[in-house]
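This briefing concerns the contact between two protein chains. Please examine the sequence and structure shown next.

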Amino acid sequence: MAGGSAISGLVGARVHRKEDRTILTGAGRYVDDVQERGMLHCHFLRSTVAHARITGIDVEAARGLEGVVRVFTGADMSAITEDLNFAQPIPGLHSPAYPAIAHDVVRYVGEPVALIVAESRYLAEDAAALIEVEYDLLDPVVSTTAGLADGAPQLFEDVPGNVVHADEQLFGDIEAAFAQADHVVTDSLDQHRWACNPMETRGGVATYDRGSGQLTYEASTQTTHTLRFLLAGWIRQPIHQLRVTANNIGGGFGLKFSIYREDVALCAAAKAIGGTVKWIEDRNEHLVAAGAAREEQLTLEAAVKADGTLLGLRVTMLLDAGAYPINPPATVYAGLVRTTLPGPYKLPAYQFSHKIVATNKASYISLRGPWAVETLVRERLMDKIASTCGISPVEVRRRNLITLDDQPTKMVTNVTLECVTAAETFEKMIGMVDLDEVRREQEAARAEGRLLGFGVGTFIEPAPGTQEFWAAVGFPFGAEPLRIRIEIDGKVTAFTPQTPHGQSHETTLSQLIGDELGVGMDDIRIVYGDTDATPFSMLGTGGSRAATMASGAAVYGARELRTRVLDIASHLLEASVDDLEIVDGIVSVKGAPGASVPLGQIAMGCWLAPDQMPEGTNTELEYVASYDGEGGGFSQASHACWVEIDQETGKVEVTRFLVVEDCGRMINPAVVEGQVVGGVAMGLGGMLLEHSAYDAEGQFLSATFMDYLMPSAPEVPEVEIEHLEFESDKVISSRGVGEGGTVLAPAALLNAIDDALAQVGRGRVMATPVTPTRMLELLGVIEKA
Amino acid sequence: MNNGNTTREITLTVNGRKRTVTIEVRRTLADFLREDLGLTATHLGCEHGVCGACTVIVDGATERSCTQLAVQADGREVTTVEGLNGPNGELHPVQEALRDHHSFQCGFCTPGFVMAIHGMVEEKKAGRPSPCSRAEIREELSGNICRCTGYQSIIDGAEAALAAGAGKES
Ligand code: FES
Ligand code: FES
């Protein structure tokens with residue numbers, strides 16, 4: 001294991017993380033660690049009902065409480081802010097604007113109805129208890145089907161029929177595909193709502209400087225620049241007077257990709273009061289109000305030949321969007337599911353339709369691979385096709401997978417696939433599993449009254465995806481910038497718009513820059529999370545972009561500075577550039593270490609006396625690189641899952657989990673493996689334990705970690721990982737790997753559970769989560785509730 | 001009305017330093033450590049006793065600091081992550097083991113795990129029953145939630161810390 005002082009060959013090594021000293025000693029600056037002089041504390045009073053008209057709010061007693069500085073009702077807040085409006089010019093999209101604090105109608109349990117600013121959080125919560133809100137109850141909509149029903153309560157005047165967006169797209173000759181089919185295989189899945197639940201909740205500290213008029217918002221966000229530019233308009237703050245920063249961030253998983261009404265209210269409050277205000281969401285608020293994900297119902301109909309060859313696929317999706325839109329628009333999720341769903345399979349014809357429905361719940365938000373349901377339903381369908389055609393799950397995939405030999409080729413959704421190795425990861429994985437042994441073990445277990453299951457799955461992941469891919473989805477695929485500077489003493493500072501929150505970018509970007517510039521890890525600093533310092537990007541950290549995009553920007557930036565430095569050194573050392581190398585910050589002639597000049601000496605000359613540097617050389621040692629992704633690309637993996645089901649308690653135990661992944665060239669295998677295991681754990685937890693549940697009145701039922709069950713160490717299996725590391729001929733052949741585990745693990749798990757159920761003659765899982773109760777229903781031990 | 005600011009004087013030792021403070025009775029130990037003493041390594045992930053991010057050592061035993069009041073620590077000795085490092089900021093052997101195994105990602109859960117694992121190592125050093133197998137370590141750490149890592153790398157680090165007996169001093 002290399003330490004931080006290695007000077008070359010950093011890329012590909014399991015170097016120690018630069019982040020670790022900070023986090024292991026607790027020296028980080030997470031947003032709740034911020035304490036400013038005179039700082040005030042905020043608390044939101046939130047709606048206790050799912051759908052109601054606010055007919056009155058009495059805040060007088062709260063205002064009178066000692067230590068309370070200000071109480072903002074919805075009306076107070078709307079007087080100083082614009083409504084949040086995420087609408088985009090997307091045909092057919094109904095994206096209602098809404099206030100930072102509700103003043104008219106509340107549409108989910110947890111919607112903010114007042115903001116209290118006080119000298120302490122304790123006092124702010126005391127004050128909240130003194131506020132009386134009168135609600136005139138309206139009928140709630142708690143499911144997509146209820147929302148679409150005739151005569152359903154309408155959430156918004158400008159969302160007719162509660163349909164936020166509906167669309168249908170056709171690819172290829174779907175009618176012909178079904179006309180030729182030997183079998184039509186149907187399937188469906190009702191996925192439940194579950195949540196990102198980063199261990200650090202949302203929060204921020206906003207400081208308004210009354211002298212300069214500048215507002216600084218220290219946030220827990222995945223995307224500082226987007227937060228800044230949306231916030232500016234909504235709090236009526238000139239954008240050049242608004243700075244957004246982020247330091248340590250305790251996880252995001254997609255949740256912190258949007259801007260929320262609490263951000264707007266908090267910053268507007270700081271401005272109105274003229275000081276520093278802090279809001280830290282507690283876990284209860286987080287579970288209730290921060291939004292959740294994955295609530296989608298899909299139906300599928302596949303036209304297949306007798307040998308299992310896919311001919312065509314019809315898919316419909318209903319997506320429960322909750323009440324209020326956030327960023328990105330819901331059409332992006334639908335576009336992602338639609339475009340990705342055919343996966344690494346040959347599919348000649350495809351029809352996809354979706355309806356996105358508004359309901360009285362917290363917002364539907366991104367969660368680690370927000371398109372994941374496409375892989376879940378496709379991989380389950382492949383197993384069902386296999387059983388219909390009397391072939392094995394392995395064989396059905398072999399007959400349909402696109403191999404490297406088939407490429408380049410186009411997906412039916414018009415996305416070019418190149419260097420995609422899903423089939424190769426699958427073969428490698430199958431080669432590692434003795435399938436006959438798996439079946440023998442299952443039989444032996446059944447003879448003892450035990451029930452084992454085995455399932456597989458494979459997929460591709462747009463990490464980062466391609467121009468074509470994102471065009472098909474309807475989302476921009478921008479280039480990634482990075483500013484890099486060789487400091488006056490030869491040390492290196494790089495400024496990235498990435499906002500890492502666990503992905504180890506300080507380490508991986510330093511590895512890349514270190515190798516390019518011949519400087520050690522400790523001599524490089526990565527600056528992130530400051531809109532005053534970092535170049536603009538809409539995206540920040542999300543969508544598994546960094547491994548390709550930020551890496552590319554770092555490599556191109558470092559190479560440009562290397563070229564400049566070597567050009568100068570070649571004059572100073574009277575040697576050809578080709579004969580020079582930089583090792584540990586010293587430029588020297590290869591094979592003649594005596595002929596050398598320290599990088600720091602060149603830098604000193606460039607910064608202090610550029611006119612004395614060799615003529616015709618470029619002495620600018622700061623450069624903004626931009627990387628376009630060279631067309632981008634995909635990650636891929638195959639998973640295999642072994643389960644044992646306790647037929648008395650209904651508990652599903654994952655007894656073994658195998659991942660064969662290919663994210664191209666690994667910058668740091670330890671970082672890759674951490675992302676894979678963490679992703680798998682989240683996917684399994686989501687399927688077996690976690691549920692953001694509502695009752696028929698729209699009351700939220702999972703408001704603590706006693707109700708919302710997070711996977712803890714004993715519930716998570718040891719994950720075995722094999723890497724393929726297929727390298728394309730591109731300069732950057734590293735691909736993202738942060739989301740894939742969460743996307744694919746649920747599919748392998750449900751296939752394993754279905755395999756077990758089939759052995760005892762029971763039907764498949766049709767709805768998640770697969771809690772012990774649901775498992776007992778599936779096993780026929782208890783009646784369906 | 002009574003706005004909850006009944007106060008009491010307490011004396012306790014935090015990271016080896018004795019302090020006498022007058023504090024609101026309702027203030028949690030976690031808030032006292034974080035806000036009043038500025039010891040922000042102790043994190044709050046749930047404030048209802050489930051996630052373990054706020055784990056500290058009180059009189060030699062690992063405890064949640066979010067579900068107890070500061071006044072309950074009167075006369076006791078509290079150690080937080082800030083109390084583990086050497087005089088020149090050297091990593092504690094437990095921290096080194098966790099670093100060597102790339103145990104963590106975002107770091108929010110981390111101080112809680114560091115203290116929980118430190119507690120396990122101390123138990124072992126004191127000759128009390130302590131976990132041996134990976135499965136036992138997983139059980140032992142089931143009161144700490146990490147959303148990022150899937151635990152495997154944490155178990156790797158904990159296993160190494162336990163195997164090494166993780167140093168002499170605590
Ligand atoms: S914050 Fe104390 S257990 Fe979660
Ligand atoms: S490292 Fe992020 S919660 Fe554990």
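Buried area is the accessible area (1.4 Å probe) that two parts lose on being put together, summed over both. Residues are numbered from 1 along each chain as its sequence is written, chains are lettered from A in the order in which they are written, and side-chain values use heavy atoms, without hydrogens and water.

**Extent of the interface**
- Between chain B and chain A about 4600 Å² is buried, with 56% given by carbon and sulfur atoms.
- Of the area that chain B buries against chain A, 20% comes from B:H102, B:Q105 and B:R147, more than from any other three residues.
- Chain A contributes 58 residues and chain B 49 residues to the contact (heavy atoms within 4.5 Å).

- Six salt bridges (a side-chain nitrogen of Lys or Arg within 4 Å of a carboxyl oxygen of Asp or Glu) are counted between chain B and chain A.
- A salt bridge joins B:R26 to A:D126, with the closest N and O atoms 2.8 Å apart.

**Model confidence**
- Chain A has a mean pLDDT of 96, and 99% of its residues reach 70 or more.
- Residues 1–7 of chain A have pLDDT below 50, and this stretch has 17 contacts in the model beyond near neighbours in sequence.
- Where pLDDT is low, the predicted coordinates should not be read in detail.

Key. This is a predicted model: local features need pLDDT of at least 70, side-chain atom pairs count only at pLDDT 80 or more; totals for chains, interfaces and linings use all residues. pLDDT is the predictor's confidence in each residue, from 0 to 100.
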